Amino acid sequence: MASQQKGRASVFYDPKIRGIFFQAVLFFALAAFVWWIADNTIANLRRAHIASGFGFLNGRAGFDVSDALIPYSSDSTMARALLVGLLNTLLVAVTGIVTATIVGFLVGIGRLARNWLVRQICTIYIEIFRNIPPLLVIFFWYLGVLSVLPSPRNSIRLPFDMYLNSRGFYMPAPIWGEGAWLAGAGLLAGVLLAFIVARWARQRQMATGRRFPVLWASIALIVGLPLAAFALTGFPLSFDVPKASIFNLTGGIQVKPEFLSLYLALSFYTAAFIAEIVRAGILGVDKGQTEAAYSLGLTPGPTLRLVIVPQALRIIVPPLTSQYLNLTKNTSLAVAIGYADLVAIGGTILNQTGQAVEIVAIWMVVYLGISLAVSVLMNWFNARTALKDK
Amino acid sequence: MHKAIWTAVLGAVALALMMAAASASTLSDVKKKGYVQCGVNTGLAGFAAPDDKGNWKGFDVDLCRAVAAAIFGDGNKVKFTPLGAKERFTALQSGEIDLLVRNTSWTETRDTELGLNFAGVNYYDGQGFMINAKKLPGVNSALQLSGASICVQTGTTTELNLADYFKSHHMQYNPVVFEKFVEANAAYDSGRCDVYTTDQSGLYAIRLTLKNPDDHVVLPEIISKEPLGPVVRQGDDQWFDLVKWTLNAMIISEELGITQSNVDQMKKSENPKIRRVLGQDPNSHYGRDLGIGEDWVVNIVKAVGNYGESFERNLGQGSPLKIKRGLNQLWSKGGILYAPPIR
C-alpha cells in the first residue's frame with residue numbers, strides 16, 4: 001500500500017510528465033478557444049443573414065484601378081484586383097527599403113563625419129523625421145509638396161522631355177526596337193563575367209597577394225558589353241514622349257503623386273531610424289580595431305571596408321530587419337492618400353461585397369507572409385554576417 | 001485544480017461573449033439605453049454635418065431625429081456616429097449603430113448579401129459629374145471626359161457606375177480613389193483631378209465647400225439611379241417597420257398639410273385622415289402596433305417638421321444648396337414620393 005502510494009506520487013510529481021500534461025492542457029484549451037471563436041463567428045454571420053466564404057473572389061470586380069502593374073480592367077476578378085493591390089504594396093515596400101537603406105547609411109555615416117556642418121545637418125534630419133508620425137510625413141509630401149505643383153497645362157519642363165506637375169512625374173518611355181534583346185543579353189553576360197572576374201581576383205590575391213582592379217573591370221564589363229551590343233545592332237531604341245492632351249499629359253511613363261508621396265515619405269522616415277542604427281553599429285566597433293588595422297599597414301579605405309563594416313554589420317542587421325518590417329507594414333498608410341495598395345483595394349472589395357471577415361483574414365495572412373519572408377531573408381543575411389566562433 | 005480554473009475562465013469568457021452577441025429586439029434595446037445610435041455621413045453639407053456649435057444638422061440627421069422623436073417624444077435623444085463609406089455597413093451589422101442614414105444607395109447586393117434592409121427612400125438621387133469650368137472651358141458634356149483624372153470615393157456605387165459608364169462609352173479615365181469625402185474634396189480642389197463624381201445632391205453640397213464655388217459646374221448627364229434611404233439590420237421586423245413608417249409619416253404629413261407650426265391645431269381637425277394620423281382617433285392604435293406611443297406622428301412633426309419642411313430647410317430654398325424638389329416632390333405635385341397610407 002505504502003509503496004503503491006509512493007509510486008503514484010512519483011508519477012504525479014514527475015516534472016517531465018507534469019510538463020507534458022500542462023502543455024497538452026494548454027494546447028487543447030487553445031484549440032478549443034480558436035474553434036469556438038470560428039464557430040461563433042460563422043453562426044453569427046449566418047444569423048445576421050450575411051453571406052460568407054471566399055467565392056466572391058471569382059466575381060467581376062466592377063471598379064477600376066489607376067496604377068495597375070499587370071493588365072487589369074473592371075471586368076477582371078476580385079482576386080486579380082487584390083493581386084494588383086499586393087503588387088503595388090510590394091512595389092512601394094521594395095523601392096522604399098532600397099532607398100531608405102541607401103539614405104540611411106549615408107546619413108548614419110554623415111553623423112560621424114569630421115565635417116561639423118555635415119554632422120549637424122544629419123542630426124537635424126534624423127531628429128525631424130524620426131519624431132513625426134509617418135502619416136504626417138506622407139501628408140507633407142502629398143499635400144505640402146506635390147499638390148502645389150502646377151496643373152498639367154503649366155507643367156514644369158525638365159531636360160530630356162521630362163515633366164513635373166500636380167498629376168505626377170512624366171518621363172519618356174523607351175520603345176525597344178528589333179535586336180534590342182542583344183543589349184539585354186550583353187548586360188546579363190557583363191554581370192556574369194564580372195562575378196567570375198571578382199572570384200578569380202580573390203583567389204589570385206589569396207594565392208599570390210597580388211591585387212586586381214576588380215571594381216573598374218566590373219564596371220567596364222557591365223556597361224561596355226551591352227553598349228557594344230547596342231552599337232552593333234544600330235541603336236534600336238526610340239522614345240514615347242509625353243504630350244499634352246485636353247486633360248493630362250499622355251504617353252511616356254507617369255509616376256503618380258500618390259506613389260511618389262508614399263515612397264518618398266516612407267523612405268525618408270525609415271532612413272532616419274536606419275541612420276541611427278548604422279551610427280550605433282559603427283560606434284559599436286572597438287577603436288582598437290581601427291588602430292590594429294592601421295598598425296598592420298592598412299589604409300583608411302580598406303580598414304573601413306575589411307575591418308569596421310563587417311563587424312558593424314553584426315550589430316546593424318538585426319535592428320535593420322525590424323525597420324524593413326516597419327516600412328513594409330507602414331505601406332498600408334497608402335489608404336490616406338488614395339494609393340491603390342492591398343489595404344485600399346481590399347477595402348473597396350470589402351465595401352462592395354460586404355465580406356469583412358474574409359477580407360480582413362486575407363489582409364492579415366498577406367502581411368504576415370510578407371513580413372515572414374523579409375524576416376527569413378534578413379535572418380539568413382544575419383547568419384552570414386554573424387561572428388563565427390572557430 | 002488547474003483544470004478547474006481553466007474551465008471556469010473559459011466558461012466566463014464564453015458567457016460574456018455570448019451575451020454581447022445576443023440582441024433580439026433593437027427597439028427594446030434602444031428604449032433601455034434611452035437614445036437612438038444613428039450612423040451618418042462624416043460631413044456632407046445638407047445631409048449630415050455638425051454646425052459651428054457641434055450640433056448635427058441635415059436632411060439625413062432629421063430622419064434620425066424623427067425616429068428618436070417617434071420613440072421618446074424628443075428629437076434630441078439620438079447620438080450620431082459619423083461613418084465613412086467603407087465602415088458604414090460593418091458598423092450596422094455589428095450592432096454599433098441602430099440605424100444608418102448616410103445617403104446610402106439601395107441596391108440588391110446590399111439588401112440581400114450584406115444582411116441589411118432598406119426602410120424606404122428618403123431622397124431620389126442620380127450620379128453626376130462636376131468640373132472646373134474655368135480650367136476646362138470647352139467641356140460641357142460628360143461624353144467629352146475621355147482621358148480625365150476623376151476623383152471618386154471608394155466602396156460606393158458611384159465607383160462602379162463610373163467604371164460602367166466609361167466602359168460603355170469606350171472612354172478612358174484615371175480613377176483617383178479616396179476613403180472620405182473630405183480627402184476627395186481636397187484633392188479635387190487642389191487640381192489633382194479634372195472631374196469630381198458622386199451623387200448630384202452631393203456635388204452641389206461639395207461645390208459650396210470649394211475655394212471658388214462659382215468656377216465649378218455640374219455637367220447635365222445623370223448616369224445612374226441612386227435611391228438613398230435609411231438602412232437597418234435584417235431579421236428585426238419591428239425596428240424595420242418603425243423606421244419605414246417614420247419616413248412614411250413625414251411624407252404623409254406633408255400630403256395632409258401638417259406642419260411644425262400647425263400640428264397642435266391640426267389635432268383638433270375634423271378630417272378623419274388627419275385625426276387618424278395624429279392619434280386622435282380613439283379606436284386607432286397605430287402607435288401601439290409599432291411599439292411606441294399614439295402621438296408618434298405629432299412628435300415627429302414637432303421635432304423635424306414634415307418631409308417638405310425638412311427638405312427645404314436642409315437642401316432647398318432655406319439652405320445655401322438651393323436644390324429643387326425635382327423627383328423628390330409628392331406624387332400629386334409631379335414627383336415620385338408616394339407613401340402607403342396610415343390606416
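**Reading sheets, helix pairs and contacts**

Colleague: In what order do the five strands of the open sheet in chain B stand?

Modeller: The order is β10-β9-β11-β8-β12 in chain B, and the pairing in this open sheet is mixed. The edges are taken by β10 (173–178) and β12 (216–218) of chain B, each with a single partner strand, so one side of each has no neighbour in the sheet. On average, neighbouring strands of this sheet are turned by 30° against each other, direction ignored. This is a predicted model: local features need pLDDT of at least 70, side-chain atom pairs count only at pLDDT 80 or more, and totals for chains, interfaces and linings use all residues. Residues are numbered from 1 along each chain as its sequence is written, and chains are lettered from A and ligands numbered from 1 in the order in which they are written.

Colleague: How are two strands paired, and in which sense do β9 and β11 of chain B pair?

Modeller: Strands of a sheet pair through backbone hydrogen bonds, either parallel or antiparallel. Two strands count as paired if DSSP finds at least two bridges between them. Helices (H or I, at least four residues) and strands (E, at least two) are DSSP runs, numbered from the N terminus. Here β9 (residues 148–153) and β11 (residues 195–199) of chain B are parallel, with two bridges. To find the place, look at B:Ile150, which stands opposite B:Val195 in β11(B). Helix α6 (residues 157–168) of chain B packs on this sheet, where it touches β8 (127–132), β9, β10 and β11 of chain B, and its direction makes about 150° with that of β9(B). Another helix, α8 (residues 200–209) of chain B, lies across β8, β11 and β12 of chain B and runs at about 125° to β11(B).

Colleague: Which strands form the open sheet in chain A?

Modeller: Four strands form it in the order β1-β2-β3-β8 (chain A), with antiparallel pairing. At its edges stand β1 (156–158) and β8 of chain A, each with a single partner strand, so one side of each is left without a neighbour. Neighbouring strands are turned by 20° against each other on average, direction ignored. Inside the sheet, β2 (residues 162–165) and β3 (residues 168–171) of chain A run antiparallel and are joined by three bridges. They form a hairpin with two residues between them. In β3(A), A:Tyr170 is the bridge partner of A:Tyr163, and A:Phe169 stands opposite A:Leu164. Strand β3(A) also pairs with β8 (residues 253–255) of chain A, in the antiparallel sense over three bridges. There A:Phe169 stands opposite A:Val255 in β8(A).

Colleague: At what angle do helices α6 and α7 of chain A pack?

Modeller: Two packed helices are described by the angle between their axes and the distance between the axes. Helix α6 (residues 180–208) and helix α7 (residues 214–232) of chain A pack at about 160°, with their axes 8 Å apart. That makes α6(A) roughly antiparallel to α7(A). Their contact holds 21 nonpolar, three polar and no charged residues. Axes are lines fitted to C-alpha atoms, for helices over the stretch in contact, and angles run from 0 to 180 degrees between N-to-C directions. Angles under 35 degrees count as roughly parallel, over 145 as roughly antiparallel, 65 to 115 as roughly perpendicular, and the rest as oblique.

Colleague: At what angle do α4 and α8 of chain A pack?

Modeller: Helix α4 (residues 116–130) and helix α8 (residues 257–283) of chain A pack at about 120°, with their axes 8 Å apart. The two helices, α4(A) and α8(A), are therefore oblique to each other. Among the contact residues are A:Cys122, A:Tyr125 and A:Arg130 of α4(A) and A:Phe268, A:Tyr269 and A:Glu276 of α8(A). By class, this contact has nine nonpolar, no polar and two charged residues. (Ala, Val, Leu, Ile, Met, Phe, Trp, Tyr, Cys and Pro count as nonpolar, Asp, Glu, Lys and Arg as charged, and the others, Gly among them, as polar.)

Colleague: How many residues does the contact take from chain A and from chain B?

Modeller: It takes 37 residues from chain A and 38 residues from chain B. On the side of chain A that touches chain B, α2 (15–47) and α11 (342–353) of chain A each supply at least two residues. The largest share of that side, seven residues, comes from α11(A). The residues of that side divide into 16 nonpolar, 19 polar and two charged. Two residues are in contact if their C-beta atoms, placed from the backbone, lie within 7 Å.
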